[in-house]
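Student: I've got a new model open on my screen and I'd like to talk it through. Can we take it piece by piece?

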Amino acid sequence: MADIPKEYYLQYACKTPEQDILADTRSVPFQPVKVFPENTKFKEGEWQNMLIFGDNLQALKHLLKLKKEGKLKNPDGSDGIKLVYIDPPFATEEDFQGSQDQKAYYDKLKGSEFIEFIRKRLILIKELLSDDGSIFVHLDWKKDHYIKIILDEIFGENNFHNEIIWEYQGSWVEPKNYFPRRHNMIHFYSKNQNYFFKRDYENDINAGINFNRWYDFIENNKIYARNAPYHDQRFKTYVDNFKKEFGRTPKENDIIIDFKGSVIGDVWYIKVADPKSPEKIDYPTQKPEKLIERIIRACSVKNDIILDCFAGSGTTGAVAEKLGRKWIMCDVGKLSIFTITKRMLNLKEEIGNKGNTLKPTAFVLYNAGLYVYNLIDKMCEEDYK
Ligand SMILES: C[S@@+](CC[C@H](N)C(=O)[O-])C[C@H]1O[C@@H](n2cnc3c(N)ncnc32)[C@H](O)[C@@H]1O
């Protein structure tokens with residue numbers, strides 16, 4: 001197993017060697033079912049966004065084949081997926097349903113079976129990433145620590161960049177005998193050291209000046225101080241320069257007018273989509289568009305390929321579409337595929353699903369088949385065909 005630190009690793013029942021997973025996972029061809037919007041005609045070789053119905057393990061293996069054939073190209077010429085975001089089941093042992101009691105998905109895998117389920121997918125995802133690609137893995141308190149070790153084993157500890165804490169609001173219970181749980185973790189890893197990352201700012205003007213944060217002071221397109229905390233010497237220089245140029249001391253507004261925002265750190269406070277919000281879809285465990293927006297903006301540029309193979313209600317695709325990225329989504333649940341199709345055809349331009357209607361880029365729904373693989377493995381070639 002490549003990249004496993006020699007001194008320590010996670011051992012558990014049913015852990016399969018990495019090379020066996022890569023070699024033995026079956027690739028299933030994607031059968032095109034339908035094009036959305038209907039009657040779209042693609043030109044020869046034109047990129048098609050993909051919605052795949054089926055188990056992501058086999059789908060990932062087929063995507064790997066497409067990568068090798070040069071069919072997953074980013075604008076910079078790199079082959080493979082530029083950015084993966086996954087929000088898998090968290091081993092909650094629950095059944096998730098839509099508001100009309102429709103089955104969404106089961107989250108029943110336990111213990112080492114759950115860990116191995118995620119590990120297999122992560123091993124294939126690493127192969128699928130472009131050389132400068134990254135992955136964000138969304139987890140909660142239950143299995144986070146085990147999967148973190150698995151991520152270190154697969155991607156290498158030196159390619160781990162952040163544990164993002166997403167503090168959500170509105171959907172926690174208030175237990176009597178422990179503190180209410182109200183955050184999830186999102187682990188950010190890259191495939192290599194030369195990964196793409198763009199620093200971003202929180203432009204919430206109402207946040208005002210925060211003495212513990214970092215600012216760029218920009219006046220008339222001139223940068224007076226970059227990355228300066230409010231009390232920094234460089235801020236004093238900014239004030240001196242301002243006095244020379246404008247003949248007066250800057251007031252707070254002079255700064256706030258050109259306030260670029262505070263650099264986004266690794267603790268994100270973002271509300272969950274409440275039932276009245278325009279982005280709310282009838283699908284359990286839906287994540288907010290703003291959360292995914294930050295990830296996509298940080299680690300990709302326009303027309304890069306983004307993958308979410310635990311797509312759920314399709315938040316990743318919806319945001320990718322709004323930000324002009326190409327997307328591939330996969331889910332094993334019928335309700336998910338139905339929900340995503342409807343969502344992608346009814347998007348609004350802005351994050352949070354507001355503003356003008358967004359004309360959808362055409363996409364193809366593929367069936368990757370739902371098979372009982374251990375029975376198939378016992379079949380002779382003739383029966384299998
Ligand atoms: C937590 S939800 C994802 C929610 C999503 N992030 C959103 O914003 O709506 C997890 C999804 O993973 C899907 N899933 C579980 N096992 C899968 C598998 N083996 N292959 C593909 N999808 C799977 C479930 O059907 C479910 O929709």
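This is a predicted model: local features need pLDDT of at least 70, side-chain atom pairs count only at pLDDT 80 or more; totals for chains, interfaces and linings use all residues.

Student: Which residues of H2 are buried?

Tutor: A residue counts as buried if 20 or more other C-beta atoms lie within 10 Å of its own. In H2, the residues that qualify are Asn56, Leu57, Gln58, Ala59, Leu60, Lys61 and Leu63.

Student: How far apart should the ends of H2 be at 1.5 Å a residue?

Tutor: H2 runs over residues 56–68, so that's 13 residues. The expected span is 1.5 Å times one less than the number of residues. The end C-alpha atoms in the model agree with that expectation, which comes to 18 Å.

Student: Which residues touch the most other members of the largest nonpolar core?

Tutor: That core has 66 residues, and its largest share, 8 residues, comes from helix H3 (residues 111–128).

Student: What is the bridge partner of Lys348 in E17?

Tutor: Strand E16 (residues 348–350) pairs with strand E17 (residues 354–357) in the antiparallel sense, over 2 bridges. The two form a hairpin with 3 residues between them, and Gly352 in the turn has a positive phi of about 95°. Across in E17, the partner of Lys348 is Thr357.

Key: Residues are numbered from 1 along each chain as its sequence is written. A nonpolar core is a set of buried Ala, Val, Leu, Ile, Met, Phe, Trp, Tyr and Cys residues joined through C-beta atoms within 7 Å. A residue is buried if 20 or more other C-beta atoms lie within 10 Å of its own, exposed if 12 or fewer, and partly exposed in between; C-beta atoms are placed from the backbone. Helices (H or I, at least four residues) and strands (E, at least two) are DSSP runs, numbered from the N terminus. Two strands pair if DSSP finds at least two bridges between them.
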